Amino acid sequence: MDTYVIVRRNGWRTGADLEEAARRSTVEGERMPDDVAWIRSYVLEERDGSVGTICVYQASSPEAIRAHAEAARLPVDEIVKVAGTVLVRPDPVPATG
Amino acid sequence: MGRNGQRGFVAQSHMVGTAPPLLEREEALAALTEALASALGGEGRVALVYGEAGIGKTTVVRAFARASRGTARVLWGACDPLFTPRPFGPLYDLAREAGSTVLLEVEREDDRTAQLASLLDLLGETPTVGVVEDAHWADEASLDALRYLARRIERVPCLLVVTYRDDEVGAEHPLRLLLGAIPSGVARRIELGPLSDRAVRELASAAGRDATGLYERTRGNPFYVTEVLAASGSGLPATVRDAVLARALGLGNEARAVLDLASVVPGQVERWLLDEVLGSASAGANVCVERGMLVPGPGGLAFRHELARQAILEALGPERRAANHRAVLHTLEARPDRDSLLPRLAHHAEAAGDAGAVVRYAPLAAARAAAVGSHREAAALYELALRYADEAGDDVRVALVEAYAHVAHLTGRLDEAIAARREAIELSRRLGDPLREGENLARLTMPFIGAGRNAEAEEAGRQAIAVLEELPPGRELAVAYAFQAYLRMLSRDNADGVAWGERARSLAEEVGDVDTLAMALNMIGTSHVMAGEIEPGCEYLERSLALALEHGLTPRVASAYGMLASGLGEMYEFDRAERWIREYLRFGGERDLDVSYITSWLAAVHVYRGRWDEGAELAQQLLAGDAGPLARITALVALGRVRARRGDPGAEEALDEALELSRPGGHLQRLGHVLAARAEAAWLAGDRERALAEARAAYPLALEKRHLWFAGELAYWQWRCGRLESAPGWIAEPYRLQLAGDALGAARAWATRGCPYERARALAESENTEARLEAVGALDELGAAPLARQLRGHLRALRVRVPRGPRPSTRDNAAGLTRRELEVLALVAEGLRNAEIADWLVVSRRTVDHHVSAILRKLGAHTRGEAAAEAARLGLLENR
């Protein structure tokens with residue numbers, strides 16, 4: 001499996017919508033464990049008041065990411081393959097939830 | 001199931017009449033019983049019982065068969081370790097045991113599908129356990145037949161039990177293909193491991209023997225243990241062989257003679273054969289049976305185990321062994337039914353070192369094997385005959401190398417096929433037979449093309465015609481013309497392809513050579529199609545198809561379907577291409593033909609018609625399998641285009657591999673596709689220099705061959721890079737209109753061909769704002785991010801307000817089903833089963849299972865019926 005970053009800009013009107021989407025994402029992800037693994041996401045505060053995400057996934061192919069997104073009804077703006085990781089310090093503790 | 005979990009063993013009947021104690025095979029038997037229960041419930045299964053030689057596979061299956069007699073009919077078939085096994089051997093056995101003659105008339109490979117369908121019916125007519133023993137020795141036709149049955153067993157109340165020695169089945173073993181082809185829901189794998197120390201002690205004590213060192217020596221191999229326990233004497237034999245020999249030591253001369261003779265006969269030795277060779281041997285045979293060394297079966301006597309036969313055979317010594325083989329050979333030769341004994345005759349002839357008999361029987365056995373599709377065995381038999389044919393005259397040898405070249409080509413041994421054709425050419429020259437020389441030269445083109453050695457293929461084709469045109473025209477010249485047409489078609493020299501094809505056609509008609517006529521019609525038709533003359537091309541191809549169907553020429557039928565499918569695909573005639581692809585998949589599916597190349601075309605057609613998910617999924621399915629290079633190239637182009645058009649990563653990798661694979665042939669039909677896709681990907685990635693270089697790399701060749709579509713697309717990319725010097729007026733219409741600046745006309749032309757992406761791309765090139773806004777919508781709908789982004793940029797620069805791209809929520813239906821799930825739901829509602837849906841959508845069973853369970857979950861349904869009812873209630877399937 002390769003690592004990918006998935007950009008989902010302005011994906012949801014509210015944080016609650018996003019939470020609902022995250023639940024669907026987990027359910028669908030568990031149904032295709034050989035093809036996608038959700039690693040982590042950063043939630044974006046979009047200028048128009050909506051919410052977006054940058055997600056890190058491991059996946060067998062870009063098509064697997066799209067199949068997962070389609071099944072969980074998540075938007076996909078762009079999929080970029082990760083060539084390497086530079087870890088400086090651990091992610092900060094999430095502000096909420 | 002692991003080795004540890006299931007130890008067990010039935011102590012063999014070395015004392016006739018004693019019921020053997022059943023030890024430690026409970027789990028294996030339970031697994032078989034469970035599989036049989038599924039089969040009895042109408043869902044057939046394949047149980048694979050495997051382990052090393054002597055581990056007790058047969059014993060377990062016999063015990064299971066005994067226990068099942070009340071509930072199911074049990075049929076037995078066996079594969080034997082002959083030099084080359086009997087073609088279809090185990091399947092004949094099964095049919096014979098069922099009292100059926102369905103397989104008896106298999107004389108030709110084309111009859112096979114109907115016969116296999118009858119065999120499946122036979123297995124399903126009543127609850128049945130069909131056993132095929134020792135599949136590691138099976139011939140190619142039997143393996144093909146087992147694969148055919150395994151793929152369809154789910155529909156019938158039959159449990160197919162296949163046993164094999166897993167330690168003799170390496171990665172390259174032909175049985176692997178069968179094992180890989182069994183649908184995962186159907187297969188039950190039952191591995192048999194060695195006995196435990198405790199079980200070995202128990203057996204020793206039951207036999208009243210000392211168990212010291214027995215487990216360590218035998219490593220728990222049940223056959224070894226039994227032999228040691230059955231042998232007289234007190235020492236512990238060092239090997240299985242020693243144990244068998246120790247057991248045979250006490251036999252009298254007569255019995256030993258029977259055992260020695262039986263050891264040269266793999267499988268069962270008939271009583272009449274023993275009597276014929278040894279005089280009245282019944283007495284000795286009975287002693288062997290009483291001692292448990294030989295076991296009576298339906299056709300005669302057999303060793304209790306192949307390991308025992310090998311031990312006795314090795315102990316014979318080379319001279320006695322050859323003498324016994326000779327005696328058996330002479331007896332079999334004198335039989336009135338010797339034509340049905342050809343594999344055995346070849347086996348004993350070889351083992352007796354009788355060159356004359358090898359050259360007499362091996363080619364006959366080979367021809368019989370090849371006729372029913374056991375090409376691998378046929379090749380081995382021809383190789384054998386050739387090894388012994390040094391003394392034979394050139395006239396005998398030339399026929400052998402020709403036959404060998406044919407089967408070597410069919411089994412993918414291209415170098416051997418080339419070498420054999422060259423020898424045949426040389427021998428024909430020596431014999432002063434230019435007709436034969438010419439035909440061999442013509443047929444030499446095929447393996448050369450297969451090996452990517454185009455220049456040598458051209459040379460052979462030229463020589464064939466040069467040699468044959470010196471002589472009065474006949475069948476051989478028709479063949480040479482047809483192969484010349486084939487070469488010209490491959491090079492996309494279409495006018496020449498038609499001209500040579502016409503010559504082949506008229507001559508083949510004159511001499512009444514149907515096979516060559518079907519080939520000629522195919523080449524003429526394909527060349528027309530490639531020239532853009534679609535209607536006459538299809539007409540010729542359909543004539544070729546009808547002729548091949550009428551005469552049962554399966555390879556020609558497949559070729560006609562294949563050319564209609566891929567040729568029309570290459571010409572952007574996607575409606576018709578798709579129809580022929582589906583016809584071919586049906587025809588090939590029924591016959592288990594390799595359909596990967598045509599399936600790769602379906603992936604490509606999906607992509608060009610805007611069904612990107614389906615195209616990419618199918619392409620990946622093919623790429624994950626063992627498809628050949630041509631199928632891989634087409635699948636990689638389809639996948640590369642989708643990724644490039646979506647802006648997804650991985651387009652470059654796919655198209656790099658496609659280019660690598662198309663270099664050896666160097667033909668336009670591959671390079672045109674691959675380089676056009678590479679130009680598109682580079683352009684979408686913003687690399688104009690590379691886009692230009694890719695397009696220019698194949699453009700001159702496309703112009704030279706007047707390929708409407710490749711020339712069109714390659715010109716188009718140069719034009720998009722602003723660097724097109726010139727393009728001819730004959731390129732395909734949509735591209736011609738685009739290059740002339742008629743974007744809206746081009747968009748209409750693309751719409752006619754059913755290409756939504758190309759249509760949107762043309763609209764985007766228009767000056768008309770309405771059209772360009774429509775293009776944005778269409779590109780968003782397709783998920784064509786890079787082009788949509790670019791177009792939005794242009795429009796914003798013109799201060800046009802552009803709507804945002806769609807979010808998935810706008811595409812929602814009440815239940816949140818995806819487009820693909822709706823498609824599957826419609827088929828579920830029609831009552832199709834998952835396997836049928838997989839066939840229809842040309843995706844894997846696993847994918848369909850996945851979709852169906854997602855549908856049930858999203859609709860909150862427990863059954864397919866409930867899902868269909870819920871779909872109707874929500875109106876999900878309306879407006880589809």
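In which sense, parallel or antiparallel, do strands β3 and β6 of chain B pair? Strand β3 (residues 45–50) of chain B and strand β6 (residues 158–164) of chain B pair in the parallel sense, over six bridges. The model is predicted.

**Chain B overall**
- Chain B contains 44 helices and nine strands.
- Of its 880 residues, 52% count as buried.
- Along the principal axes, the C-alpha atoms of chain B fill a box of roughly 105 × 80 × 45 Å.
- Taking contacts in chain B between residues at least 6 apart in sequence, 59% join residues at least 24 apart.

**The five-stranded sheet**
- Five strands of chain B form an open sheet in the order β4-β5-β6-β3-β7, with parallel pairing.
- The edges are held by β4 (73–78) and β7 (187–191) of chain B; each has a single partner strand, so one side of each is left without a neighbour in the sheet.
- On average, neighbouring strands of this sheet are turned by 15° against each other, direction ignored.
- Within the sheet, B:Leu48 stands opposite B:Val162 in β6(B).

**Contact between chains A and B**
- The contact takes 16 residues from chain B and 13 residues from chain A.
- On the side of chain B that touches chain A, helix α30 (residues 612–624) of chain B gives the most, with three residues.
- By class, that side of chain B has five nonpolar, six polar and five charged residues.

Note on methods. Residues are numbered from 1 along each chain as its sequence is written. Chains are lettered from A and ligands numbered from 1 in the order in which they are written. This is a predicted model: local features need pLDDT of at least 70, side-chain atom pairs count only at pLDDT 80 or more; totals for chains, interfaces and linings use all residues. Two strands pair if DSSP finds at least two bridges between them. Helices (H or I, at least four residues) and strands (E, at least two) are DSSP runs, numbered from the N terminus. Axes are lines fitted to C-alpha atoms, for helices over the stretch in contact, and angles run from 0 to 180 degrees between N-to-C directions. Two residues are in contact if their C-beta atoms, placed from the backbone, lie within 7 Å. Ala, Val, Leu, Ile, Met, Phe, Trp, Tyr, Cys and Pro count as nonpolar, Asp, Glu, Lys and Arg as charged, and the others, Gly among them, as polar. A residue is buried if 20 or more other C-beta atoms lie within 10 Å of its own, exposed if 12 or fewer, and partly exposed in between; C-beta atoms are placed from the backbone.
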